[in-house]
Amino acid sequence: MNAVTRRVVIGTAAVSMALSLAACGKAGDGGAKTGAEGGGGDGKTIGLLLPENKTTRYETFDRPIIEAKIKTLCSDCTVKYNNAAQDTETQKKQFDALVTQGVKVIILDAVDYKATKSWVQRAEADGVKVVAYDRLAEGPIAAYVSYDNEKIGRLQGEGLVKALGAGAKDANVVMINGSPTDPNAPLFKKGAHSVLDKQVKKVVYEQDIPDWSPDEANKKMGAAIDSLGKSGFQGVYSANDGMAGGIITALSKQGIKVPVGGQDAELAGLQRILKGDQAFTIYKQIKPEAETTAEIAVRLLKGEKIDDLAPVKVDSLTGEFKGIPAKLYDAQIVTKADIAGTIIKDQVYKAADICTAEYKAACEAAGIK
C-alpha cells in the first residue's frame, strides 16, 4: 500500500507543538489564534469544523495536527475551530457563522453529509472554498481528503475472516455498522460485505448505529445475543473501535468469546487487542491525511493550484456533484503482532501509553517495550 509504505511519523514534537497551539482556545473559541484579527474577512482565516468528540482521534490528533500544519505554512493565519458534538444543527450554525464572518476556506468534517448541500452551495456563492475532510460532504466541494473507505471495509472483512480461521466458511457473523449519517459508513459496510458474503456462512444479524454510539452498539449486541443465542454466531464485525468496546462488554457479560474487529487504532482498542478481547483494528495514518488537508486549505486561501495534492477525481455519494479533486490514503490491518511495527514505530502512541500496569505482561508478550 503506497501510503502505508511511505510511513509518516506522528512525532511527539509535532503533536506537542500542535497541542500548544490548540491550548490558545477551546472548542468554539477560534483555535490557533484569537483576538481582534479573528473576524475572518482579511483572507487569513481558515475554518475547521469537526463532527464529534466521542471518537478520541479528533481532539487528540486531527485538530492539533491540522492547526500545527496551517501555522507552519502560514504563520499569520488564524484557525477558527468548532466541534459539533454530533449535532447537525449545531454544525450548520457553526458553518453559517464562518461564512457570515467572511472566512474564505472551511475544512468540514460533516456530522450528516446529506445535510450539507445547501450550506456548501451558499458558501460557494459567497466565494468560500469548502474542503471535505475524512467524510465527503454533499455540495460543490473544492477538495476532498480521506481514505479508500470501501477498501477499508474489505480489510475489515478480511481481518475477521482471518481471525475466524479454518472455521470461517461455517461461521455466522453479526455486523454492527457505523452511523447512517456518515458517508463513510455505507462504504465500510459495502467493502466488508464484499468479503464476508463470500467467505463466511451467513451474516445473521446486522444493525446501523446512529452517531457511532458505543452504548447503542452494546444494546444491539445484547439484542443479537437474545435473538440468536450464545452459540448462534462465531464472530462480530464492528465498524470502529469505540463500538467494539461496547460490543465486547455485552459479549463478556454473557461469557461469550468470539473474534471482534474494529477500526481507528484507538488506545483502548489496542489495549483490548493486546489483552485478547479484540482481534484487530484498522490503522489509518491520520498525520498525512490531516497535513494534506491543511496544505490544500492554505493553497486555496492563497489562490494557488492543488492538483498535485488532490490527484484523483471522485463524485459525491448522490452522484450530483462530479469530478471533485481528491486524495485518498490507504490503511492496514493491525493485530497484536503488528502493534510494535506500526503504532509504536510510527509514534502514534508510546509504549508507555499502551502498556499501563494492567497490560504490561501482554505488552511484553507482544514484544512491546
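Predicted model: local features only at pLDDT ≥ 70, side-chain atom pairs only at ≥ 80, totals over all residues.
In the chain, Gln-347 sits in the loop that links α12 (340-344) to α13 (351-354). Its backbone shows a positive phi of about 60°, although Gln-347 is not a glycine.

Asp-211 is another residue that is not a glycine and yet has a positive phi of about 60°. The loop that holds Asp-211 runs between β7 (202-208) and α8. With a relative accessible area of 29%, Asp-211 is partly exposed.

## The protein as a whole

The protein has 369 residues, and 57% of them are buried. Its secondary structure consists of 14 helices and twelve strands.

Contacts may also be sorted by the distance along the chain between the two residues.

Asn-240 is placed in the loop between β8 (235-238) and α9 (241-253). Is this residue buried or exposed? Its relative accessibility is 3%, so Asn-240 counts as buried, the limit for that class being under 20%.

The side chain of Asn-240 reaches the backbone nitrogen of Met-243, at 2.9 Å. Beyond its neighbours within four places in sequence, Asn-240 is in contact with Thr-55, Trp-212, Gly-262, Gln-263 and Asp-264.

## Helices α8 and α9

Helix α8 covers residues 214-228, and its axis comes within 7 Å of the axis of α9, with a crossing angle of roughly 40°. Helix α8 is therefore oblique to α9. The crossing of these two helices, α8 and α9, is right-handed.

Which residues of α8 and α9 meet? From α8 come Pro-214, Ala-217, Asn-218, Met-221, Gly-222 and Ile-225, while α9 supplies Gly-242, Met-243, Gly-246, Ile-247, Thr-249, Ala-250 and Leu-251. The residues of this contact of α8 with α9 comprise eight nonpolar, five polar and no charged. Met-243, whose backbone nitrogen is reached by the side chain of Asn-240, is one of the α9 residues that meet α8.

Gly-245 is also found in helix α9. At 15% relative accessibility, Gly-245 counts as buried. The C-alpha atom of Gly-245 is separated by 8.5 Å from that of Gln-278, although the two residues are 33 residues apart along the chain.

## Helices α6 and α7

The axes of helix α6 (residues 149-164) and helix α7 (residues 184-199) come within 7 Å and cross at roughly 40°. This angle makes α6 oblique to α7. The crossing of α6 and α7 is right-handed.

On the α6 side, the residues that meet α7 include Asn-149, Glu-150, Ile-152, Arg-154, Leu-160 and Val-161. On the α7 side, Asn-184, Leu-187, Phe-188, Lys-190, Val-195 and Gln-199 are among those that meet α6. How many residues of each class does the contact of α6 with α7 have? By class, there are eight nonpolar, eight polar and four charged residues in this contact of α6 with α7.

Note on methods: Residues numbered from 1 in each chain as written. Heavy atoms only, no water. Helix = DSSP H or I, 4+ residues; strand = E, 2+ residues; numbered from the N terminus. Buried < 20%, exposed > 50% of the residue type's maximum accessible area, 1.4 Å probe, protein only. Polar contact = N/O pair within 3.5 Å; in protein donor to acceptor, adjacent residues only side chain to side chain. Contact = heavy atoms within 4.5 Å. Axes fitted to C-alpha atoms, helices over the stretch in contact; angles between N-to-C directions. Parallel < 35°, antiparallel > 145°, perpendicular 65-115°, else oblique. Left-handed = near helix turned anticlockwise from the far one by under 90°. Nonpolar A, V, L, I, M, F, W, Y, C, P; charged D, E, K, R; others polar.
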